[in-house]
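I opened the notebook to record how two chains meet, and I wanted each term set down with its cut-offs.

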Amino acid sequence: MNKKVVCLILGIMCLILTYGICVQIKTVNSTNSPISTNNEENNLRNEVLKAKEKYDNKYQELEQAEKQLEEERKNATENNTELSNLEDQIKNKNKLLGLTEVTGQGVIITLTDSPTSMSSNFLDLNDALVHDMDILMVVNELKNAGAEAISVNDQRIMPTTAIDCDGNIIKVNGEKIGPEFEIKAIGLPERFVTLDRPGGYLYKLREWGIVTSLEKSNNITIPKYSGVINFKYAQNEK
Amino acid sequence: MKKGKIVMIVTIGIVCFILALVMSMQFKVVQETDITSIETMREAELRSELSNWKQKYEEINEKYEETSKKVQEYKEKKQSDNETSTLLQEELEQINMGLGNTNVQGEGIEITLTDTEDNKIYADNLLIIVNSLRLAGAEAISINEERIVNMTDIVYITEKFVKVNGQRILAPYVIKAIGNQTYLESALLGNGGYVDELKISGYDVKIKKDKNIKILKYNDEISSKYINN
């Protein structure tokens, strides 16, 4: 009798374990197979790499052209205070717009998915992950605290920047970013610290199990926008 | 008999331990798999990735031509202060447009959100709509004539007021956006669109397409104190 029960329990345990392993193997197979058997996929992959390389090359050319433009602008204006004034304005406004790299004091906020998501919170995984909306809210609070430049995982926040998700991948400026999320902001650090207040959004995130940190820094670098601003529909009013 | 049982239990224990170890390793592998890596992409993803890079190349190529042209112009015109000044003004105008410091017009949509007894509109609702509009390629946005610029915050102070650019605004909220009318509308109304969701929950939201939307400029000078020169 006793033996039968033991056998039965063992049988069930083995069954569950086997099932678990099968699921795992299937998942791994479907997500992580660098060597594809499909020829067409390999070709496509090559094409993508080529397209990316072409883009990268052009991007470098563009950066050079931009440097040249800055120099020529300087050359053309250096003998005239009125003109060099205008040149200064262009430089400053490009910084504010997000077209040049900027440095200054500020904070770095990091958001990390809950490390316990795999065990204790198994059924409520969703709560323990960082979502696009969470990043949107934190960025909004930074703006409220007087941020002058912000980036999320080195994607510069622009007037046209959307933060959204495609399945479970978060996108900023249309570029995919993954955890952990690093949000940098330039401004008065003392004002940014208020983001950590009880009841604030970071506090809520921590209650959901997300790991957050906020660090003041005197030397923050925020990269420029890597895309292009292009007005197709809007025109300046005459 | 008793010895045999102990051996059995120990064996099973060890086997279970090994299995658990293998499983946790598997979990780790799955977790560490880089979802953004090209190596793991499937055909459909690869295709969209390819068109994505091509499109980005086109954009950046255009920008490159434009920049090269400007370099050329500066070179040619640097003898004349007048002509250089015109060039500088042109560049400034473009930058100001990007910053939101000019009045703009163009096709787009107008969204009107009205408070009802059961459903009040909060700052977060507006923030999400603005984000959806940006995703659909909006080039200029305003809420109750407050221009949304790069560092615009949308927050509520008490349950009663929404603050945009530090200015109090009151319901009804009128959001204007310039961009492709169809894209803008379908981003909000399409399957899972945010305005759809609001409507289903009983909110009062109206969308109007318009061939000629006018959006006012941001009135203050945008400046910085903490960005190093």
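At what angle do the axes of helix α3 (residues 81-97) of chain A and α3(B) cross? I found that they come within 10 Å and cross at roughly 20 degrees, where axes are lines fitted to C-alpha atoms, for helices over the stretch in contact, and angles run from 0 to 180 degrees between N-to-C directions. I therefore noted α3(A) and α3(B) as roughly parallel to each other, the term for angles under 35 degrees.

I kept in mind that this is a predicted model, in which local features need pLDDT of at least 70, side-chain atom pairs count only at pLDDT 80 or more, and totals for chains, interfaces and linings use all residues. Residues are numbered from 1 along each chain as its sequence is written, while chains are lettered from A and ligands numbered from 1 in the order in which they are written.

I then looked up the chain contact: 74 residues of chain B are in contact with 81 residues of chain A, contact being C-beta atoms, placed from the backbone, within 7 Å. On the side of chain B that touches chain A, α2(B) gives the most, with 20 residues; helices (H or I, at least four residues) and strands (E, at least two) are DSSP runs, numbered from the N terminus.

Last, I checked the strands, and strand β9 (residues 235-236) of chain A pairs with β1(B) in the antiparallel sense over 2 bridges, pairing requiring at least two bridges found by DSSP. There I saw A:Q235 opposite B:Q105 in β1(B).

Technical notes: Two residues are in contact if their C-beta atoms, placed from the backbone, lie within 7 Å. Angles under 35 degrees count as roughly parallel, over 145 as roughly antiparallel, 65 to 115 as roughly perpendicular and the rest as oblique.
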